[in-house]
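Have the sequence and the 3D view ready.

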Number of protein chains: 4
Amino acid sequence: MHPLKFAVIGGDLRQVKLAQLLAADGHAVSAFAIDQARPEGAVLAASLKGAVREADCVLLPLPLMRACALNTPLSDTVLTLDEVFAALDPAQILCGGRVDEAAHRQAAEHGLTLLDYFTREELVIANAVATAEGAIQAAMEATPTILSGMRVLILGFGRIGKVLAHRLRALGMRVTVSARNYADLAWIAAYGYEGIHADALDSGLPGHDILFNTIPHRVLGAERLAALDAGTLCIDLASKPGGIDFAAAASLGVKTIWALGLPGEVAPVSAGVMIRDTIYNILADESSLKGG
Amino acid sequence: MHPLKFAVIGGDLRQVKLAQLLAADGHAVSAFAIDQARPEGAVLAASLKGAVREADCVLLPLPLMRACALNTPLSDTVLTLDEVFAALDPAQILCGGRVDEAAHRQAAEHGLTLLDYFTREELVIANAVATAEGAIQAAMEATPTILSGMRVLILGFGRIGKVLAHRLRALGMRVTVSARNYADLAWIAAYGYEGIHADALDSGLPGHDILFNTIPHRVLGAERLAALDAGTLCIDLASKPGGIDFAAAASLGVKTIWALGLPGEVAPVSAGVMIRDTIYNILADESSLKGG
Amino acid sequence: MHPLKFAVIGGDLRQVKLAQLLAADGHAVSAFAIDQARPEGAVLAASLKGAVREADCVLLPLPLMRACALNTPLSDTVLTLDEVFAALDPAQILCGGRVDEAAHRQAAEHGLTLLDYFTREELVIANAVATAEGAIQAAMEATPTILSGMRVLILGFGRIGKVLAHRLRALGMRVTVSARNYADLAWIAAYGYEGIHADALDSGLPGHDILFNTIPHRVLGAERLAALDAGTLCIDLASKPGGIDFAAAASLGVKTIWALGLPGEVAPVSAGVMIRDTIYNILADESSLKGG
Amino acid sequence: MHPLKFAVIGGDLRQVKLAQLLAADGHAVSAFAIDQARPEGAVLAASLKGAVREADCVLLPLPLMRACALNTPLSDTVLTLDEVFAALDPAQILCGGRVDEAAHRQAAEHGLTLLDYFTREELVIANAVATAEGAIQAAMEATPTILSGMRVLILGFGRIGKVLAHRLRALGMRVTVSARNYADLAWIAAYGYEGIHADALDSGLPGHDILFNTIPHRVLGAERLAALDAGTLCIDLASKPGGIDFAAAASLGVKTIWALGLPGEVAPVSAGVMIRDTIYNILADESSLKGG
């Protein structure tokens with residue numbers, strides 16, 4: 001790729017790393033509203049205007065917003081979306097992460113197209129890999145046993161379930177996966193795991209040392225938690241509201257961990273790399289669209 | 001499942017096995033137009049009418065048709081689709097494999113819904129597993145070397161590519177996979193294979209001992225075949241017209257194998273099991289639709 | 001196995017767990033000199049004499065000794081080996097862990113045979129599994145990246161190297177293993193890792209993100225540490241004196257972790273299970289010897 | 001390695017390949033008593049004397065002997081060992097495969113040291129990999145099912161058992177391994193297979209689709225064969241007299257395959273490569289012994 005000019009506005013350690021990586025690849029990078037960090041190779045601009053001037057591509061945080069403003073945990077600067085959008089030119093490529101409907105509309109009112117890099121499948125998959133690794137680390141830290149030889153039940157065979165099952169089996173665990181979809185169950189069989197249809201889950205709950213949930217709705221209520229073997233550790237990887245009734249678990253004495261935001265926590269550097277790669281893919285797609 | 005009455009009409013060894021398996025599961029099974037085989041536990045009916053009478057579910061071949069008639073390689077009986085459809089009742093569940101648009105329309109004219117079991121994702125996945133195994137067997141048989149330690153290039157990371165890469169790596173091969181889609185490339189990285197973007201394939205062709213193609217269009221023309229290392233074995237798993245220019249390969253001296261229809265060939269019994277399981281899933285879905 | 005009488009004398013959390021597990025299996029267990037813990041199901045004896053009376057099998061700590069006395073970190077009781085041995089009967093089976101020559105001789109002077117359970121190959125292998133898991137946990141905790149996709153170099157392909165390579169590969173790492181022995185190199189190839197002969201290690205050091213050493217002598221001196229890529233994390237799993245020149249590493253700015261005693265630290269419960277299983281194997285061997 | 005002069009005397013396709021490989025590596029190679037083949041790059045000598053003259057290293061067949069003479073299936077030449085040894089000089093390095101005590105003694109009488117390359121651990125391991133692959137191919141060819149999802153029992157966890165279990169699991173099989181040794185059982189657990197102690201094998205025999213035997217003595221007699229599920233396929237990888245009572249199997253209707261000499265049969269080219277690599281290792285060891 002020939003050198004471009006990037007502006008990184010707001011964000012956390014992942015955006016700091018992103019700015020560094022872009023600079024290390026030979027691009028010109030100006031940054032604003034991440035002033036508590038010093039992204040090596042990037043220029044900290046004195047103003048939003050200065051940061052975005054002549055930028056080919058403007059990169060906003062993941063998630064985009066926090067408390068009705070741009071998400072800027074590494075700065076005291078408060079920026080509204082309108083302020084940011086007003087500073088931009090429709091010719092600039094504009095990207096942000098976890099963009100809601102309102103933000104898309106607001107951008108459109110300024111004549112801008114706001115691309116959500118967190119809807120890119122390749123980033124979601126890479127994120128699932130980081131989540132699976134973080135989940136394994138959490139399980140290792142929470143148990144006074146080795147994982148090897150233990151019996152694990154994974155609820156769901158989406159992206160995280162696939163990566164997790166693959167790695168847990170190689171760590172010597174006996175892996176059972178529950179899914180509702182016949183295609184998922186066919187994949188579970190193809191990889192050689194034990195499969196349970198979701199409708200038969202009730203009878204399949206006992207007999208496990210660790211349970212990972214990846215399904216983003218309340219799948220483990222009081223009744224099912226009570227059916228687990230005493231001592232089963234439950235690790236919930238589903239985002240809010242989560243899949244476990246944590247109050248019921250507490251009163252039943254079931255040990256639980258709610259592991260949220262693992263990629264940013266256990267692997268911020270890798271998360272920065274993943275976002276950089278995804279931005280490059282977006283740019284390649286945009287240029288091939290224009291070129292074609 | 002409570003016992004049902006099935007009619008199996010036409011088909012090859014897979015349908016024979018299917019009839020046996022259904023009978024072994026306690027169902028009543030009548031068969032017609034597979035009279036050169038004796039499916040244990042099933043009744044060979046004297047007429048089409050007799051076979052389908054009172055059947056809850058009628059099972060047609062995979063593929064459905066051969067030479068404008070029902071596909072009946074194990075019988076001298078010739079049946080047109082119209083004859084078959086005329087014998088049926090709209091209350092009967094009717095399934096066939098690889099059903100084309102014309103056949104669907106013809107069924108509809110008789111007031112029937114013809115369900116294509118070969119469009120069920122779980123059957124397609126199970127079929128991919130059988131295809132991958134057959135491909136490995138073909139590679140073992142065609143080489144005077146062990147696969148362990150050899151360098152393999154897989155074109156495409158769909159169902160077959162995924163299963164094949166998983167198994168070849170465990171056999172000790174050095175696995176590289178080519179894909180166009182960024183999401184596929186993210187999965188390739190997640191499983192730890194080397195990945196090549198399809199646009200960079202030209203430079204990635206040399207350096208391999210075996211190449212498997214899973215992409216169903218002409219991806220390996222004369223120029224690319226000429227770029228392979230001398231002695232590279234090319235195994236094409238793509239259905240007609242295939243992904244390799246076989247004429248060019250022959251004149252260039254590139255060794256090729258076109259492996260078609262592997263599941264039926266290397267594993268007819270497993271293929272029968274897969275179809276049986278899929279039929280059960282179809283029935284469960286149909287009954288839950290009616291029940292709900 | 002029919003119920004026996006065990007005496008557990010001294011030791012750490014692993015011996016506490018061991019006592020509990022033996023009791024849970026239906027054996028009578030008396031314990032002494034682990035009085036700061038309460039092993040469920042076992043009887044804390046008031047005296048050494050009381051603990052070992054009528055015991056079929058007496059279990060001493062791992063390691064056996066600390067500061068010239070029996071290793072009793074969970075008790076204020078100080079016991080010399082002679083005191084312990086004087087209380088025992090040659091008909092009792094006597095086991096301890098990491099027994100040195102002097103202790104063996106001292107036991108013999110009392111007419112006793114002291115069996116070292118830590119020389120049993122099955123315990124050493126199980127310990128290697130726990131060490132490998134602990135090493136993976138340490139690597140995950142020490143890096144702001146995911147392991148997936150990183151390049152790892154393992155020095156040595158003994159028990160720990162074998163288990164570690166197997167698991168790291170499944171975590172998506174690119175695994176290279178260095179060994180001196182041609183047989184080890186043949187195994188490395190059989191499992192599909194990249195292999196480097198130890199004599200070629202100097203040129204093979206660059207290009208790695210993480211290095212694990214399993215070789216119990218100074219294999220990484222200043223010169224080799226300087227040859228590593230900047231930022232390579234070195235994790236030493238070798239027992240004292242270790243395989244890394246830590247002083248040189250510090251002055252060169254090479255990040256190191258010396259991970260000792262991982263099984264007891266990350267998985268004391270599993271360590272107790274492993275010792276229990278090994279004791280059972282010892283008893284089975286002893287009884288088949290006597291029986292035969 | 002600097003170029004050497006090799007003489008290849010007798011042998012089968014593996015020795016032909018060996019001669020070609022040595023020539024391709026830049027060595028001077030003369031061959032004798034393999035005259036029905038034309039090893040590319042090697043010179044076919046007119047006489048034994050001519051072939052071995054000035055050779056640094058003389059390579060004899062694997063196995064060394066057939067019917068009391070040198071093993072020369074690709075030639076009408078009949079050579080006794082004495083004739084061969086009489087033509088050689090003690091300064092020449094002399095290697096053969098599967099050398100018995102008598103042959104060693106005979107060489108010594110001529111003042112020669114005959115090294116057996118088939119006792120080299122790295123060759124035995126590489127051979128085990130080829131045997132495991134051949135066994136998988138045999139299983140695929142002999143079954144009308146896919147291996148994926150089937151239940152396999154492996155008797156023995158030596159070299160072949162280890163490689164076979166690793167690969168069969170990745171092919172989606174449910175792997176159980178039987179072993180007598182506690183250390184082997186610890187390895188079986190470490191890799192996550194189900195383990196059965198050899199003493200409990202009788203009760204563990206039912207419930208499998210395929211059984212592989214790797215134990216070189218009669219482990220499957222009539223009683224055990226009768227305990228297998230109907231339809232279990234038994235593949236014997238043990239050399240003569242084999243581990244299965246084949247007569248009993250035939251009368252019980254148990255399907256058996258006795259797979260002998262797989263490496264030479266399914267992968268002669270790889271077998272040649274393995275021998276070449278082993279010869280190089282022998283030469284490196286010899287020269288370091290002399291050098292040191």
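How many residue pairs are in polar contact across the interface of chain A and chain C? The rule finds 12, both residues of each pair being at pLDDT 80 or more. A polar contact here is a pair of N or O atoms within 3.5 Å; within protein, one must be able to donate a hydrogen and the other to accept it, and residues adjacent in sequence count only if both atoms are side-chain atoms.

A word on the ground rules: this is a predicted model, where local features need pLDDT of at least 70, side-chain atom pairs count only at pLDDT 80 or more, and totals for chains, interfaces and linings use all residues. Residues are numbered from 1 along each chain as its sequence is written, chains are lettered from A and ligands numbered from 1 in the order in which they are written, and side-chain values use heavy atoms, with hydrogens and water left out.

| Item | Value |
|---|---|
| Contact residues, chain A (heavy atoms within 4.5 Å) | 24 residues |
| Contact residues, chain C | 24 residues |
| Buried area, chain A and chain C | about 2000 Å² |

Buried area is the accessible area (1.4 Å probe) that two parts lose on being put together, summed over both. Carbon and sulfur atoms give 61% of it here. In chain A, Glu133(A), Met140(A) and Ile146(A) lose the most area to chain C, together 31% of what that side buries. As for salt bridges (a side-chain nitrogen of Lys or Arg within 4 Å of a carboxyl oxygen of Asp or Glu), the count between these chains is zero. Helices α5 (121-142), α6 (159-170) and α12 (268-291) of chain A each supply at least two residues to the side that touches chain C. Helices (H or I, at least four residues) and strands (E, at least two) are DSSP runs, numbered from the N terminus. Of the chain A elements, α5(A) gives the most to that side, with seven residues.

**A sheet in chain C**

Now for the open sheet of six strands in chain C: its order is β11-β10-β9-β12-β13-β14, with parallel pairing. Two strands pair if DSSP finds at least two bridges between them. At the edges sit β11 (194-197) and β14 (256-258) of chain C, each pairing on one side only. Further in, β9 (residues 151-155) and β12 (residues 210-213) of chain C pair over four bridges. Leu155(C), for instance, has Asn213(C) in β12(C) as its bridge partner.
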